[in-house]
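Here are my notes on the structure. Please keep the sequence and the 3D view open while you read.

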Amino acid sequence: LGAALLAPLVATAADKPLVMGFSQVGAESEWRSANTASVKAAARQAGITLKFADAQQKQENQVKAIRTFIAQKVDVIAFSPVVESGWDTVLKEARAARIPVVLTDRAVNVSDPSLYVSFIGSDFVEEGRKAGRWLLERAAKNPGASLNIVELQGTVGSAPAIDRKKGFEEVIKANPKLQVIRSQSGEFTRAKGKEVMEAFLKAKDKKIDVLYAHNDDMAIGAIQAIEEAGLKPGKDITIISIDGVKGAFQAMLAGKLNVTIECNPLLGPQLMELARKVVAGQPVEKRITVIEGVFPAEVAAKELPNRKY
Ligand code: GZL
């Protein structure tokens, strides 16, 4: 057969669509749903074949998914690690299979950082600092007043929970009148956030002045608990949360949430561009961060029409 006849039959490497195995944390929050939608839409847009696995917030499911992607010989593996530790073994298996790994959204603690090529995601410590700075400024309007803070942490052991706590505490220690009196995980969900806030409210020994929630979904759950306890969220209890999802803007418009710190879930396009470079063997940055803002209730009405998630 002449070359002309053979050519179309031989799919060159350039023609074969890039295959990405993506292991997602779960579907625990509005943020996560927006993140999943962004990844799926960006893969379609980029002509990348996406093998998507939802881990229902369980690390063992992510490990299984990564092993499946290795067996399927995907071109690149991307995942958002539900917790920071316990990844060395499976990432070494990916390296042995010569499949590059990219982290998105959350970071990992591994013995050898060369086990992943790049990490694209927010700076969670800075998000915690922004929450702390907003509270310091608000507290400065009433100097000398003691403020009892309760904290709804994210998933235990996850990078956002560890880092958002760290950044917030680092900043508020400038005012010793600001004290975190209770801190517990609400697992980033509305249901658990409500349940833990109910427990905080039942302990009558100390008045609660401020709630710091590591994500908007837990804050929204806590708002329900505060109202059911006969208190006014956003007034009797000042509420600070993180993500900047639509539900947070609606709560601010209703006067029930005081500020949300943006955490951008729309990483899809940057992830696909990164994957193409990685598979092509081009140099990429080890750490890619995203630009994010702070949205107090005063700007909610103006900003809501611009929100993309
Ligand atoms: C942050 C992300 C967190 C969100 C939560 O990048 O990992 O997980 O803040 C989500 O809403 O559950």
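1. Strand 5 (residues 118–120) and strand 11 pair in the parallel sense, over two bridges. Two strands count as paired if DSSP finds at least two bridges between them. Strands are DSSP runs (E, at least two residues), and helices are runs too (H or I, at least four residues); both are numbered from the N terminus. Look for Ile-120: its bridge partner in strand 11 is Ile-288.

2. This is a predicted model, where local features need pLDDT of at least 70, side-chain atom pairs count only at pLDDT 80 or more, and totals for chains, interfaces and linings use all residues. Residues are numbered from 1 along each chain as its sequence is written, and side-chain values use heavy atoms, without hydrogens and water.

3. Turn to the ligand. It has 13 residues around it, and Glu-28, Asp-105, Arg-106, Arg-164 and Asp-243 come nearest. A residue counts as near if one of its heavy atoms lies within 4 Å. This shell has five nonpolar, two polar and six charged residues. Asp, Glu, Lys and Arg count as charged; Ala, Val, Leu, Ile, Met, Phe, Trp, Tyr, Cys and Pro as nonpolar; the others, Gly among them, as polar. Helix 2 (30–46) and helix 6 (159–172) each supply at least two shell residues.

4. Which side-chain atoms lie 2.7 Å from an oxygen atom of the ligand? A polar one of Arg-106 does. For Asn-215, a polar side-chain atom lies 2.9 Å from a ligand oxygen. The protein buries 100% of the 320 Å² that the ligand exposes when taken alone (Shrake-Rupley method, 1.4 Å probe).

Technical notes:
A polar contact is a pair of N or O atoms within 3.5 Å; within protein, one must be able to donate a hydrogen and the other to accept it, and residues adjacent in sequence count only if both atoms are side-chain atoms.
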